[in-house]
Amino acid sequence: MGQGILLAGGNVDFMIHGVFSYELFGQTLWITTSHVCIFIVVLVLLAFFIAAGAIFRKADEIPGGMQNAIEIIVEFLDGIANGAMGKSAKGFRNYVGVLFIFILFSNISGLLGLRPPTADYGVTLPLGVLTFSLVHINEFRYNTVWSIWKDKCSPLPPWLPIWLPINLIGDFAVPISLSLRLFANVLSGTVMMALVYGLLSKIAYAWPAALHVYFDLFSGAIQTYVFCMLTMTYIASAIGDEEDPVLIRWIKKRKAAKTEKAGENA
């Protein structure tokens with residue numbers, strides 16, 4: 001733990017360090033402090049999910065203790081998903097819930113002395129790319145090619161695609177803006193805490209806890225909420241208006257075709 005995995009104690013810095021290397025296909029690859037911290041976060045979350053599953057398999061009609069706390073978490077996550085996505089929330093609330101819990105615990109892992117995994121751009125960028133992929137997969141799933149083309153050409157008519165390059169740049173900027181916002185805010189808190197422990201180590205007793213509450217808990221929770229809300233907003237926007245009669249007819253036609261094909265195969 002002496003290679004930058006822990007922020008508290010020893011020779012503290014905020015850089016990412018290699019823990020050990022290995023050879024793969026002639027290339028030297030490194031397991032870094034970010035990998036170790038992610039592994040710790042995942043293990044803790046897996047233990048939590050397994051314990052939560054065991055509790056709900058023996059759930060009481062009148063919840064109490066741990067069951068009550070877990071139900072509050074689930075209701076909170078369902079609430080923000082339903083508020084942001086409406087009828088579309090049902091298909092994405094599990095993803096949003098896991099994303100929220102993973103990012104939040106990664107952000108607040110500094111309270112445990114770890115270097116937050118989200119302070120590594122190699123962690124936040126894949127999260128942004130995953131959101132970007134879901135947005136455009138659902139855009140093509142729930143919209144016709146013609147409606148997508150009109151949207152990319154707006155606000156001008158579809159036969160005058162002057163705004164098409166600008167709108168495409170805006171689309172491809174989504175994963176970058178999402179990942180950079182989360183990464184920069186978490187990294188800034190990590191840098192501040194590393195400076196406190198590194199430069200003021202002789203007097204850094206008890207009082208840095210107040211800084212941890214702000215940089216890790218408060219800021220980490222805000223950035224988690226912002227990332228997940230933007231994710232849900234982008235996906236809901238890509239799906240479009242569920243009350244659009246043209247879209248409803250097209251979806252019904254696709255479902256009917258799939259049902260007919262399944263009947264033929266049976």
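In the predicted model, the axes of helix H1 (residues 33-57) and helix H3 (residues 93-108) come within 10 Å and cross at roughly 130°. Because angles over 145 degrees count as roughly antiparallel and those of 65 to 115 as roughly perpendicular, H1 and H3 are classed as oblique to each other. The crossing in which H1 passes H3 is right-handed. On the H1 side the contact is formed by Val 41, Val 44, Leu 45 and Phe 49, and on the H3 side by Ile 101, Phe 102, Phe 105 and Ser 106. Grouped by class, the residues that join H1 to H3 comprise seven nonpolar and one polar, with no charged residues.

Asn 138 is located in helix H4, which spans residues 121-142, and has a relative accessible area of 3%, so that, with under 20% taken as the limit, Asn 138 is buried. When residues up to four places away in sequence are not counted, the contacts of Asn 138 are with Phe 92, Asn 143, Ile 235, Ala 238 and Ile 239.

In helix H5 (residues 145-153), the buried residues are Ile 148, Lys 152 and Cys 153. These residues cover an arc of only 130° around the axis and therefore lie on the same side of H5. In general, an α-helix has 3.6 residues a turn, so residues three or four places apart point the same way. The elements that cover the buried residues of H5 include H4 and helix H6 (164-199).

Definitions and conventions
Residues are numbered from 1 along each chain as its sequence is written. This is a predicted model: local features need pLDDT of at least 70, side-chain atom pairs count only at pLDDT 80 or more; totals for chains, interfaces and linings use all residues. Side-chain values use heavy atoms; hydrogens and water are left out. Helices (H or I, at least four residues) and strands (E, at least two) are DSSP runs, numbered from the N terminus. Buried means under 20% relative accessible area, exposed over 50%, partly exposed in between (1.4 Å probe, protein chains only). Contact means heavy atoms within 4.5 Å. The arc is that of the directions from the helix axis to the C-beta atoms. Axes are lines fitted to C-alpha atoms, for helices over the stretch in contact, and angles run from 0 to 180 degrees between N-to-C directions. Angles under 35 degrees count as roughly parallel, over 145 as roughly antiparallel, 65 to 115 as roughly perpendicular and the rest as oblique. A crossing is left-handed if the near helix is turned anticlockwise from the far one by less than a right angle, and right-handed if clockwise. Ala, Val, Leu, Ile, Met, Phe, Trp, Tyr, Cys and Pro count as nonpolar, Asp, Glu, Lys and Arg as charged, and the others, Gly among them, as polar.
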